Amino acid sequence: MVHTPFPSQHTITQPADAVNLRISEIFFSLQGETSRAGLPTVFVRLTGCPLRCGYCDTGYAFYGGKSLSISAILAEVASYAPHYVTVTGGEPLAQKECLTLLRLLCDAGYSVSLETSGALDVSKVDARVSRILDIKTPGSGEAEKNQWSNLDHLTRHDEVKFVLCDEADYQWAVEVIRERKLDLICPLLFSPVYDKLAPATLAEWVLRDRLPVRVQIQLHKLLWGEGPGR
């Protein structure tokens, strides 16, 4: 695939101070989820996460990684000449310098999204960033970590995601949507846990209940399976 760069849009302004982040990986792939699914995207995966969801597929990002300055991160992102950039983890907001990285990526002209667990405050994230907020279900084992006040800061520019293990998770998510009127806040995403809940089963439930949600499957796993760098 030939990718056309956007050089005129992405003039990078280096941060004034030498600020470092612990990075698990930076790679170029197709966005596998959200309303941006299928779009060529650079992923910046930060190391570390305070949660331990039972279905986590990026446990390798809990530890290790390498320390990179934001200048070095911006340079590596620019080397792919992307239009879309996703900052993910782990839990990227666990590193406070992530806010600076997000701002500078926006300043550079990229269309930036943030994948966050919803357990940490999103109110200080640059308004230009599309926040993909994961509401943890009981099946994740981390539902008590949901910071519900985050919903007050979301707009139509953001998205809320539920990763569902089973029908109990599904019913729980339906109640949350109805009680909190989430469909009036931003787009909603339902995703089945890979190799645990059949996507077709989830689709049938959503059609049966006429839910205002987008059913999504992880495109990158269909194409390449599980593993780092995808």
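**Salt bridges, a strand and a core**

Author: The structure holds 10 salt bridges, a salt bridge being a side-chain nitrogen of Lys or Arg within 4 Å of a carboxyl oxygen of Asp or Glu. This is a predicted model, in which local features need pLDDT of at least 70 and side-chain atom pairs count only at pLDDT 80 or more, while totals for chains, interfaces and linings use all residues. Residues are numbered from 1 along each chain as its sequence is written, and side-chain values use heavy atoms, with hydrogens and water left out.

Reader: Why can such side chains pair at all?

Author: Side chains of opposite charge can pair when their charged atoms come close.

Reader: Which residue does K145 meet in a salt bridge?

Author: The side chain of K145 meets that of E142, at 3.1 Å from N to O.

Reader: Is E142 buried or exposed?

Author: E142 is buried, with a relative accessible area of 6%, whereas K145 is partly exposed at 34%. Buried means under 20% relative accessible area, exposed over 50%, and partly exposed in between (1.4 Å probe, protein chains only).

Reader: Where is K145 found?

Author: K145 lies in the loop between strand 6 (130–135) and strand 7 (159–164). Strands (E, at least two residues) and helices (H or I, at least four) are DSSP runs, numbered from the N terminus. Leaving aside neighbours within four places in sequence, K145 is in contact with P50, L51, G118 and A119; contact means heavy atoms within 4.5 Å.

Reader: Which residue forms a salt bridge with E175?

Author: E175 pairs with R178, and their closest N and O atoms are 4.0 Å apart. The two are 3 residues apart in helix 3 (residues 167–180), so they are separated by about one helical turn. E175 counts as partly exposed, at 38% relative accessibility.

Reader: And what about D209?

Author: D209 forms a salt bridge with R208, with the closest N and O atoms 3.0 Å apart. Both count as partly exposed, D209 at 23% relative accessibility and R208 at 42%.

Reader: Let us change topic. How many residues of strand 2 are buried?

Author: In strand 2 (residues 40–46), 7 of the 7 residues are buried, so the strand is largely enclosed by the rest of the structure. P40, V42, V44 and L46 point one way, and T41, F43 and R45 point the other way.

Reader: Which strands pair with strand 2?

Author: Strand 1 (residues 20–30) runs antiparallel to strand 2 and is joined to it by 7 bridges. Within this pair, L30 stands opposite P40. Strand 4 (residues 84–88) pairs with strand 2 in the parallel sense, over 5 bridges, and there V87 is the bridge partner of V44. Two strands pair if DSSP finds at least two bridges between them.

Reader: What does V44 touch beyond its neighbours in sequence?

Author: Leaving aside neighbours within four places, the contacts of V44 include I23, I73, V85 and L101.

Reader: Which residues touch the most other members of the largest nonpolar core?

Author: They are V44, L101, V160, F162 and F190, in a core of 49 residues. Helix 2 (residues 98–107) gives the most to this core, with 6 residues. Apart from it lies another core, of 9 residues, among them L51, C53, Y55 and V193. A nonpolar core is a set of buried Ala, Val, Leu, Ile, Met, Phe, Trp, Tyr and Cys residues joined through side-chain atoms within 4.5 Å.
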